[in-house]
Amino acid sequence: MRQQTDVKLDNAFVVNDLDLYYGDFQALKNINIKIPLNKVTAFIGPSGCGKSTLLRCFNRMNDLIESARIEGEIYHHDTEIHGKEVDVVQLRTVVGMVFQQPNPFPMSVYDNVAYGLRCQGVKDRRILDEVVETSLKQAALWDEVKDHLNRNATKLSGGQQQRLCIARAISLTPEVILMDEPTSALDPIATSKIEDLIIELKKSYTIIIVTHSMSQAARISDMTAFFLLGEMIEYDDTDIIFHNPADQRTEDYISGKFG
Amino acid sequence: MIQRKSYQQELEELHNSMIRMGSDVEEAIHNAITSLTENDLELANKVIEKDDEIDEQEHKINQECILLIARQQPVARDLREITSNMKLITDLERIADHAEDIAEHVIFMNENGFNVTVPHDVVQMANHTQNMIHAALDAYVERNLEKAKRVAMMDIRINALYNKLKKYFVRQIKLDPNSAQAMVEMLMICHHLERVGDHAQNVAEWIVYYIEGQYSSFSEIRKEVEHDNEQDET
């Protein structure tokens, strides 16, 4: 294993020379990126650029795709996440994920949030009650559901369902939350609630978000990476990317001149 | 594939509106100076009449910029272009105001029978000021960083001439107290020219901001140009 000279405590992930193939197709090309702790990092780029593929690398979701092959390294602090000693289930506890379509389980609001802990063998009702309440509060959903905790989660609105999914991810006290276009299925009001939530959550969590909305990336992220055809073209402070990007391709994409 | 064609077109139209306003402002200052050197009242009146039109252009461009921001949510270079245009039009409008003020001084002197020969240094200062505006607008049209930075150097000469002329007019007033009112009028004209130079300076600074993405003040740009010149000489 390579000596770790560039892993710093203030980074949640350090990616070195990452290539990813789906069979013969190379979806990610020589990606090098450091994801800072307790910041929101946005991945932007046109469809098929590799941004979601890279996002899924951070909790090894690509392991589920048979043809996927990865070269290079991804360090979570001082652990290379593909190492033999790494427990993938444990990794996904530390690195939670929220998807494009809200995907609550067809069970009560309470059971959705308690699900992860129960899987870990927690049965103590007091602990479960406390975690459910704290997680729902952190996800800014508590006030809306506290009187209906036994209601089926599928009856909630789309925006509420997405916040429930965030609460479910939070319940396992992850360090990182991956979000794959978390508001693309939501209306503007539900979107703004999620965006406010993301800004609030970064105090406690590192967030990596894939978004097709340039204005969303500009509004909520601290860092932005622009991807094109599997390459990371530019990665910098969001203020710089949206005000004075270095690469013409970034400029053209964020200005909506291609994509 | 090129997208957002109508947005591109709107940006192009904004750029053209800016060029039209710049050209009108340049003409206003040129006419004001000509009305001074040739004591041409008709031209002076034309400058005053034209000022309302320039004010209107400023409002129109400002509105275009606000709507572009609201509807198109520009970023990066487009955003810098629009925001710097909003600053530029304020300076251009102020230059036109100074042209109007100069024209009013010309009319006042004429109506009060001040038969003053315009000193050579005032003509020099006026020519430099016109050249500076022309160079600043040229830099804008061409989006030329080097030209914009060179404009920064031109203000030094105008300021030097202004300081020299202030002393000259004080001396003249002491020598001939009866000429005091006419000399004060001339001094005021020089003051307006000096302010025009400052606004042309601002125009250049906003062009540098638009191109480079960071604001550099006059003194920083001047130091940079002086440094480059020194490098060239060695």
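This is a predicted model: local features need pLDDT of at least 70, side-chain atom pairs count only at pLDDT 80 or more; totals for chains, interfaces and linings use all residues.

I began with the contacts of Val122(A), leaving aside its neighbours within four places in sequence: they are Leu117(A), Ile127(A) and Leu128(A). I count a contact when two C-beta atoms, placed from the backbone, lie within 7 Å. Val122(A) is in the loop between helix H3 (109-119) and helix H4 (125-138) of chain A. Helices (H or I, at least four residues) and strands (E, at least two) are DSSP runs, numbered from the N terminus.

Residues are numbered from 1 along each chain as its sequence is written, and chains are lettered from A and ligands numbered from 1 in the order in which they are written.

Next I looked up the sheets. Strands of a sheet pair through backbone hydrogen bonds, either parallel or antiparallel. For a pair I need at least two DSSP bridges between the strands.

I found an open sheet of four strands in chain A, in the order E2-E1-E4-E5, with antiparallel pairing. Its edge strands are E2 (25-36) and E5 of chain A, each pairing on one side only. I then went through the pairs.

- E1(A) and E2(A) are antiparallel over eight bridges, and Tyr21(A) is opposite Gln26(A) in E2(A).
- E1 (residues 11-22) and E4 (residues 68-76) of chain A run antiparallel, joined by eight bridges. Asn16(A) faces Glu73(A) in E4(A).
- E4(A) and E5 (residues 79-80) of chain A are antiparallel over two bridges. Tyr75(A) is opposite Glu80(A) in E5(A).

E4(A) and E5(A) form a hairpin with two residues between them. In the turn, His77(A) has a positive phi of about 55°.

I also checked a parallel pair: E6(A) and E7 (residues 176-180) of chain A share four bridges. Val95(A) has Val176(A) as its bridge partner in E7(A). Which way do the residues of E6 (residues 95-98) of chain A point? Val95(A) and Met97(A) point one way, Gly96(A) and Val98(A) the other, and all are buried.

Then I turned to the helices of chain B. I describe a packed pair by the angle between axes and the distance between them. The axes are lines fitted to C-alpha atoms over the stretch in contact, and angles run from 0 to 180 degrees between N-to-C directions.

H1 (residues 5-37) and H3 (residues 76-111) of chain B pack at about 20°, with axes 9 Å apart. That makes H1(B) roughly parallel to H3(B). Under 35 degrees counts as roughly parallel, over 145 as roughly antiparallel, 65 to 115 as roughly perpendicular and the rest as oblique.

H1(B) and H2 (residues 41-72) of chain B pack at about 160°, with axes 10 Å apart. H1(B) and H2(B) are therefore roughly antiparallel.

Note on methods. A residue is buried if 20 or more other C-beta atoms lie within 10 Å of its own, exposed if 12 or fewer, and partly exposed in between; C-beta atoms are placed from the backbone.
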